[in-house]
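I opened a new page for this protein chain.

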Amino acid sequence: MQKKNNISFYRKLKTSLALMGIIPFLLAVYLFTRRTELSSTLVIFSAALVLISILMGFTMLRRSSDQMRALARKTAILDSGDILEPVDVNVEGELYDIAANFNSVVEKLNRTNRDMQSRSFQLQEFASNLSESYEQLEKENRLRNQLCRYVGKDLVDKLMVSRDGQLLKNERKDVTILFADIRSFTALSEHMEPEEVVAMLNEYFSIMIEIIFKYNGMLDKFVGDQIMAVFGHISNEKDGARSAVRAALDMQKATAALMKERAGRDQPVFKIGIGINTGSAILASVGSANRKDYTVIGDTVNTAARLEAHAAGREIVLGERTCYHLPKKLPRSARQELKMRNRSGALACYTLVTRENKVVIRPKTEKNPLMTSVQAAC
């Protein structure tokens, strides 16, 4: 857009009005007020002058009107959403200023539009990142819920915030295995309805699993009425052994309390035997492509299962290596040696018998006949 001159639109308007009205009016007044006789030449000249004045005024007014109409057409903003283009018209005076101001507004609007598009892309990127974060959070929540089925909530929280805490990696580690089993379960369940058996197991398992989680144990599996748990899988061997023994003592105590409640409700009662063993084992995900279980494999597991099979009701049979980690050493005279199938040597162990709030070491000794508190064993 080029500015050819600096003639004001207002001045052009006044000039046009003067050429079309004032000059012819003054000329007519002059002719009518002349006292001398008007010659034909003067009349023709005056008429021609008036005509020329009117044509010049009309032409100037028409040109200004065309410029205004062109400017109005160029500055019309359509609702198409397209980028606005600066106007390029030949205008003068105030119309040029209007066109220049319009172009300035168009430039600012286009700049604002580009900024809004940039912000829109950023918002889309933020929304995408937010969606990914939400999906990641959902995955973590699902993983947290799955882990809570096997370990306690506090332990899960620690694992989730730990960068190097990988619970499901395959590794060989010194751990403590605990097996707990209901004694004479088959004979007991034969005299009960299926619904009663399921309700009894659910009540019993709920209490036992809560105790296992309390001591940072991991639930490995249920095998019928048997529970298998792992301790020390994310800590050291010493802490795992002590936690397993404490959990076993609480499990026996809680089972005794539960049996009192069941007896009060005229429901069948039972006792449990527990076997605990400490040693090296493989923690791994085992199974097929469609189904895998995270479990513990090794002779340590098999030995713990054999110790549990040797335990009678209300008894806890400890492997010798587990006893090494207890704060209070068990008397040497209480040491037992069990002969197991498919083992060349005898299996050393210690047996704790729970009686209400007391724990007896079997066999009794004169120096250490009775452990009078649950905490004394661990």
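**Overall make-up.** I note here that the model is predicted. The chain has 378 residues, and 37% of them are buried. I then looked up contacts between residues with a separation of 6 or more, and 68% of these join residues 24 or more positions apart.

**Cores.** I looked up the largest nonpolar core, which has 44 residues. The members that touch the most other members are Tyr 204, Ile 274, Ile 276 and Leu 318. Helix 6, residues 194-214, gives the most to this core, with 10 residues. I also noted a second, separate core of 12 residues, with Phe 179, Tyr 294, Val 296 and Ala 304 among them.

I went back to Tyr 204 and listed its contacts, leaving out residues up to four places away in sequence. Tyr 204 touches Ala 180, Ile 182, Asp 225, Ile 227, Thr 255, Leu 258, Phe 270 and Ile 272.

**Asp 220.** I found Asp 220 in strand 2, which covers residues 218-223. Is Asp 220 buried or exposed? Its relative accessibility is 8%, so I put Asp 220 down as buried, the cut-off being under 20%. The side chains of Asp 220 and Lys 221 are joined by a polar contact of 2.5 Å. Not counting residues up to four places away in sequence, Asp 220 touches Met 228, Ala 229, Val 230, Tyr 294, Thr 295 and Val 296. Two of these names I had already written under the second core: Tyr 294 and Val 296.

**Ser 243.** I placed Ser 243 in helix 7, residues 237-264. Ser 243 counts as buried because its relative accessibility is 15%. I followed the side chain of Ser 243 to the backbone oxygen of Asp 239, at 2.8 Å. Apart from neighbours within four places in sequence, Ser 243 is in contact with Tyr 215 and Phe 231.

**Ile 297.** Which residues make the nonpolar patch of about 210 Å²? I wrote down Ile 282, Val 286 and Ile 297. Ile 297 is in strand 5, residues 292-297. I marked Ile 297 as partly exposed because its relative accessible area is 40%.

Terms used:
Residues numbered from 1 in each chain as written. Predicted model: local features only at pLDDT ≥ 70, side-chain atom pairs only at ≥ 80, totals over all residues. Heavy atoms only, no water. Core = buried A, V, L, I, M, F, W, Y, C linked by side-chain atoms within 4.5 Å. Buried < 20%, exposed > 50% of the residue type's maximum accessible area, 1.4 Å probe, protein only. Helix = DSSP H or I, 4+ residues; strand = E, 2+ residues; numbered from the N terminus. Contact = heavy atoms within 4.5 Å. Polar contact = N/O pair within 3.5 Å; in protein donor to acceptor, adjacent residues only side chain to side chain. Patch = residues over 30% accessible without salt bridge, like charges linked within 9 Å, V, L, I, M, F, W, Y side chains within 5 Å. Areas by Shrake-Rupley, 256 points an atom, 1.4 Å probe, with all protein chains shown as cover. Salt bridge = Lys/Arg side-chain N within 4 Å of Asp/Glu carboxyl O.
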